[in-house]
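Subject: Structure handover

Dear colleague,

Please find the structure below. It is a predicted model, and my notes on it follow.

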Amino acid sequence: MTSLLPPGRLRVGVVGAGKVGAVLGAALARAGHLVVAVSAVSDASLARAEDLLPDAPVLPVDDVVAASDLILLTVPDDALAPLVAGLATTGGWRTGQLALHTSGRSGLAPLAPAIALGVGGLAVHPAMSFTGTAMDLDRLRDCCFGVTAPPDLQPVAEALVVEMGGEPVTIDEFDRVRYHLGLVHGSNYLITLTAQAMEIVAGAGVAEPGRVLRPLMTAALDNALRAGDSALTGPVARGDAGTVAEHLAVLPDEPPDVAAVYRVLARATLDRAQRHGRLPATAVQAIDEVLTEEKPT
């Protein structure tokens, strides 16, 4: 049946119509591939499939895999290996298929049971936060994908990424966890930090904390991505121990998680400023003493 498609086009199956799977399926369809089937269980997944993959029937996982040349395995990380192994046990895989998973932390290891049966394994992780809507399709143009693949399939993986509008970045099998750690540390926890900052500013009587924080945080992020530690600013980087002490004095009025995060980040900032020679020893000592004082009870 693949021969009925234009050269280089694949029959694509999406296993898991979550925010990532539905969008990547739609991106491949936009590139000329044929999405032949999708699996979806929850109401949200069914709605995404209907919206982004309207021509693809919703089928059981086994049927999705059987109908496809390229299978997108866009399931939660912990479900990936059992899914692949289960399909291998039931004869779901066939030689010559491509199995592509989007887990950031994993390379080819979870695909081993399928690879042993002649399936080509690809680990292709989009470094982007997804909404699960059509707006993500355009955002893929600015997205890097962490790619791990066997040498003979590396060009295939990279071509698929380019077709979806992204930029492939090669990640070694043994560096996947560290790669994913960096992404989580820089993006997921940024949301926590931003929500905390908005809560604090709102507590100071600001009606629209996002309006106040957006220019500051956007510039800080842009500067950090361009210059790393050289972009560091603020009271710790300036050695302003008095300001840090006043912050600590009012922290008991904030939720406990805010106080804990402030102390941890202030300490990390001090360590990085000291490591890069940003502060004289006297300033480092002054801030260190403030941060190590007994926490208010």
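**Helix H1 and the sheet**

Helix H1 (residues 19–30) lies across S1, S2, S3, strand S5 (120–126) and strand S6 (144–148), and runs at about 150 degrees to S3. The sheet is open and has seven strands, in the order S2-S1-S3-S4-S5-S6-S7, with mixed pairing. Its edges are strand S2 (34–39) and strand S7 (167–170), each of which pairs on one side only. On average, neighbouring strands of this sheet are turned by 25 degrees against each other, direction ignored.

Within the sheet, strand S1 (residues 11–15) and strand S3 (residues 70–73) run parallel and are joined by four bridges. Glycine 13 stands opposite isoleucine 71 in S3.

**Salt bridges**

The count of salt bridges comes to nine. One of them is formed by arginine 9 and glutamate 163, with the closest N and O atoms 2.6 Å apart. Arginine 9 is in the segment before S1 and glutamate 163 is in helix H7 (residues 154–163), so this pair ties together parts that are 154 residues apart in sequence. Arginine 9 counts as buried because its relative accessibility is 16%, under the 20% limit. Glutamate 163, at 28%, counts as partly exposed.

A salt bridge also links the side chains of aspartate 136 and arginine 139, at 3.2 Å from N to O. Both residues belong to helix H6 (residues 135–139); they are three residues apart, so about one helical turn separates them. Aspartate 136 is buried, with a relative accessible area of 0%, whereas arginine 139 is partly exposed at 34% relative accessibility.

Aspartate 138 forms a salt bridge with arginine 141, where the closest N and O atoms are 2.9 Å apart. Aspartate 138 is partly exposed, with a relative accessible area of 43%, and arginine 141 is exposed, with 54%. Through salt bridges that share partners, Arg30, Asp138 and Arg141 are joined into one network.

**Nonpolar surface patch**

Which residues make the nonpolar surface patch? They are Leu190, Leu193, Leu221, Leu225 and Leu265, and the patch covers about 440 Å². Helix H8 (176–203) and helix H9 (209–227) are the elements that give two or more residues to the patch. Leucine 221 is found in helix H9 and is partly exposed, with a relative accessible area of 43%.

Regards

Key
Residues are numbered from 1 along each chain as its sequence is written. This is a predicted model: local features need pLDDT of at least 70, side-chain atom pairs count only at pLDDT 80 or more; totals for chains, interfaces and linings use all residues. Side-chain values use heavy atoms; hydrogens and water are left out. Patches are made of residues with over 30% relative accessible area and no salt bridge: like charges are joined within 9 Å, nonpolar side chains (Val, Leu, Ile, Met, Phe, Trp, Tyr) within 5 Å. Accessible areas come from the Shrake-Rupley method with a 1.4 Å probe; for residues, only the protein chains shown count as cover. A salt bridge is a side-chain nitrogen of Lys or Arg within 4 Å of a carboxyl oxygen of Asp or Glu. Buried means under 20% relative accessible area, exposed over 50%, partly exposed in between (1.4 Å probe, protein chains only). Two strands pair if DSSP finds at least two bridges between them. Axes are lines fitted to C-alpha atoms, for helices over the stretch in contact, and angles run from 0 to 180 degrees between N-to-C directions. Contact means heavy atoms within 4.5 Å.
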